[in-house]
Amino acid sequence: MSKPQQKQKNSALAELIEEQKLLCEEFGSAYIAVSGDDVVAVVVQTLNKDPLVGLRKAPEGEEKVAWYIYGGELGEDDVNFETMPVRELQDILPDVLPYLALEQGYRFMIDADDYEDVWKEGDES
């Protein structure tokens with residue numbers, strides 16, 4: 001990678017981190033740093049459906065999966081979560097990246113029409 005490309009990549013990463021911090025502050029969450037190597041679970045075949053939904057749980061399994069992401073309403077046939085590193089989401093689902101720094105217990109729901117809802121489980125009142 002050339003120096004200009006590396007500088008552009010670092011700048012984009014810095015912008016994403018700043019966006020994540022602002023989003024966490026807006027919704028009353030601690031900022032939890034995200035690495036490109038962190039693993040998320042995604043129901044890939046549902047990602048073409050609205051809304052996109054994400055849920056952060058306590059890290060589970062060998063891969064320490066904390067985020068579960070899917071599109072639309074999950075049916076019995078849709079519960080096939082595939083694990084992947086966060087860096088793969090940059091290509092297939094970049095709109096969810098700002099939300100991945102939210103702390104455990106948070107959910108988000110977004111759609112193609114710029115709808116956004118973020119809440120912490122148990123705080124729906």
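Analyst: Helices (H or I, at least four residues) and strands (E, at least two) are DSSP runs, numbered from the N terminus. Ala58 lies in one such run, strand β2. The model is predicted, so local features need pLDDT of at least 70 and side-chain atom pairs count only at pLDDT 80 or more, while totals for chains, interfaces and linings use all residues. Residues are numbered from 1 along each chain as its sequence is written, and side-chain values use heavy atoms, leaving out hydrogens and water.

User: What is the confidence, and where is it lowest and highest?

Analyst: The protein averages a pLDDT of 88 (the predictor's confidence in each residue, from 0 to 100). Of the residues, 89% score at least 70. Helix α1 is lowest, at a mean of 82. Strand β5 is highest, at 97.

User: Which elements make up the fold, and in what pattern?

Analyst: Two helices and six strands. Along the sequence they read α-β-β-β-β-α-β-β.

User: What makes β4 and β6 edge strands?

Analyst: Start with the sheet. It is open, has six strands and runs β4-β1-β3-β2-β5-β6, with mixed pairing. Strands β4 (82–85) and β6 (116–120) each pair on one side only, hence the edges. The twist averages 25 degrees from one strand to the next.

User: How do you know that β1 and β3 pair?

Analyst: Pairing takes at least two DSSP bridges between two strands. Strands β1 (residues 39–42) and β3 (residues 65–71) have three, so they pair. The sense is parallel. Within this pair, Val40 has Trp67 of β3 as its bridge partner.

User: How many bridges join β5 to β6, and in which sense do they run?

Analyst: Five bridges, and the strands run antiparallel. Tyr106 has Lys120 of β6 as its partner. The β5 and β6 hairpin has five residues between its strands. Asp114 takes a positive phi near 70 degrees there.

User: Why is Gln45 called partly exposed?

Analyst: Buried means under 20% relative accessible area and exposed means over 50%, with partly exposed in between (1.4 Å probe, protein chains only). Gln45 has 38%, so it falls in between. Its place is the loop between β1 and β2 (52–60). Gln45 and Gly71 are 26 residues apart along the chain, yet their C-alpha atoms are separated by 8.4 Å.

User: What makes a group of residues a nonpolar core, and which residues have the most contacts inside the largest one?

Analyst: The members are buried Ala, Val, Leu, Ile, Met, Phe, Trp, Tyr and Cys residues, joined through side-chain atoms within 4.5 Å. The largest has 23 residues. Leu89, Val96 and Leu102 have the most contacts inside it. Elements giving two or more residues are α1 (3–26), β1, β3, α2 (86–92) and β5 (106–110). Val96 touches Leu52, Ile69, Leu89, Phe108 and Ile110, again leaving out residues up to four places away in sequence.

Conventions
Axes are lines fitted to C-alpha atoms, for helices over the stretch in contact, and angles run from 0 to 180 degrees between N-to-C directions. Contact means heavy atoms within 4.5 Å.
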